[in-house]
Amino acid sequence: MSLVSFRDVVKKYDTKITVNHLSLDIGEGEVFGLLGPNGAGKSTTIHMLSGLLNASSGDITVGGYSIKNQPLEVKRRIGLVPQELAIYETLTARENVTFFGKLYGLRGKLLQERVAEALQFVGLLERAGDKPQTFSGGMKRRLNIACAIMHRPKLIIMDEPTVGIDPQSRNHILDSVRELNKLGSTVIYTSHYMEEVEAICSRVGILDNGKLIACGSKEELKQQAGQEEKLIFEIDRKLGQAAEEMTQHPGVRRIDEQENGTTVEVTVKESPSMLQDLLFIIQKHGITLRKLTRVEPNLESMFLQMTGRTLRDE
Ligand SMILES: Nc1ncnc2c1ncn2[C@@H]1O[C@H](COP(=O)(O)OP(=O)(O)OP(=O)(O)O)[C@@H](O)[C@H]1O
């Protein structure tokens, strides 16, 4: 069942279209990755979903409630971890989370329990009495997450939560996404780090210039992109004549021979007999194969193939 539905959503600034007719369903229980380079429209999309920005046209529903017509019902079900830290430096960690809990209408014992639960979850319970000005960047991000999840929202939205933090905090955040999902939350996670999205997301939407250019599981995206993959041959001598024969194969896109000629990268379009055909050519020319490595296609290479640009392009 879908928890979130974007229906033909458009956001324009003057005449510039930042989000371009976005239609998308996100199912209950998913960790959905919204991937795209800087400026693709990820934050704008998230801000419209959270009710911080109005769409120019179209509508978004969460649990069947429209952000246009029932914004409070939507907001109650959402926990937003914004890109910019939304914590108060002069309040302690506990006071920060308590402040957000009160905004969500929690009081008394339940409020105290939820504050402790959220701080425990992000690994900051022992620092509950300290102010964030004494925290590392990663700890501040974790506090930011505690504030967003303390009311146990159905939908947690994280907008690039790992930008500029140390690897330990980054791993902590990725683990916490998995854990939150296990505990029943649906998560939308925006990033321009494809490794993160690959590691934690069950499905991915790729935004480019405000348009959703592809959407699906990694396997589905691979099919949509007509994915190429790389085979690395380590051999005992240069390919020589064999290279020409390989190039003739309809599935071979490119052959790159390394300096010494005994490591060869062959970019191929997947086909059932491809590997067999290439091995046959090598053997026919009396070349011995020492090692063969298949490089798994990744989201970065898919994005490159779809747009001709890398994810980190400005
Ligand atoms: N208030 C605004 N007025 C005009 N243009 C804007 C405004 N806010 C965002 N934009 C433009 O909309 C486009 C999308 O921005 P957005 O922040 O949604 O992208 P993003 O994918 O989240 O990128 P980043 O990773 O840099 O946050 C950008 O070209 C940006 O300059």
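How do the residues of the shell around the ligand divide into nonpolar, polar and charged?

Analyst: The shell holds two nonpolar residues, eight polar and one charged. Here Ala, Val, Leu, Ile, Met, Phe, Trp, Tyr, Cys and Pro count as nonpolar, Asp, Glu, Lys and Arg as charged, and the others, Gly among them, as polar.

Two points on reading the model come first. It is predicted: local features need pLDDT of at least 70, side-chain atom pairs count only at pLDDT 80 or more, and totals for chains, interfaces and linings use all residues. Residue numbers start from 1 along each chain as its sequence is written.

Now the site itself. Around the ligand stand Tyr 13, Thr 18, Gly 36, Asn 38, Gly 39, Ala 40, Gly 41, Lys 42, Ser 43, Thr 44 and His 192. Helices (H or I, at least four residues) and strands (E, at least two) are DSSP runs, numbered from the N terminus.

Strand E1 (residues 2–13) and strand E2 (residues 16–27) run antiparallel, joined by eight bridges. Two strands pair if DSSP finds at least two bridges between them. Lys 12 faces Ile 17 in E2. Two residues lie between E1 and E2 in this hairpin, and Asp 14 in the turn has a positive phi of about 50 degrees. E1 also pairs with strand E4 (residues 57–62), antiparallel again, over five bridges. There, Phe 6 has Ile 60 as its bridge partner, and Val 10 has Ser 57.

The largest nonpolar core has 61 residues, and Val 97, Ala 146 and Ile 157 touch the most other members. Helix H5 (residues 137–149) gives the most to this core, seven residues. Such a core is a set of buried Ala, Val, Leu, Ile, Met, Phe, Trp, Tyr and Cys residues joined through C-beta atoms within 7 Å. Buried means that 20 or more other C-beta atoms lie within 10 Å of a residue's own; 12 or fewer makes it exposed, and in between it is partly exposed, with C-beta atoms placed from the backbone. Beyond its neighbours within four places in sequence, Val 97 contacts Val 115, Ala 118, Leu 119, Ala 146, Cys 147 and Met 150. Contact means C-beta atoms, placed from the backbone, within 7 Å. A second, separate core has 13 residues, including Ala 242 and Ile 281.

Helix H11 (residues 299–307) also has a buried side. Leu 299, Ser 301, Met 302 and Phe 303 are buried there. The buried residues of H11 pack against strand E3 (31–35), helix H7 (194–200), strand E9 (203–208) and helix H8 (218–225). After H11 comes Gly 308, with a positive phi near 80 degrees.

Finally, the whole chain. It has eleven helices and 14 strands. Of its 314 residues, 36% count as buried. The domain assignment gives domain 1 (2–223) and domain 2 (228–296); such bounds come from an automatic or database assignment. Their C-alpha centres lie 44 Å apart.

Technical notes
Contact = placed C-beta atoms within 7 Å. Near = placed C-beta within 6 Å.
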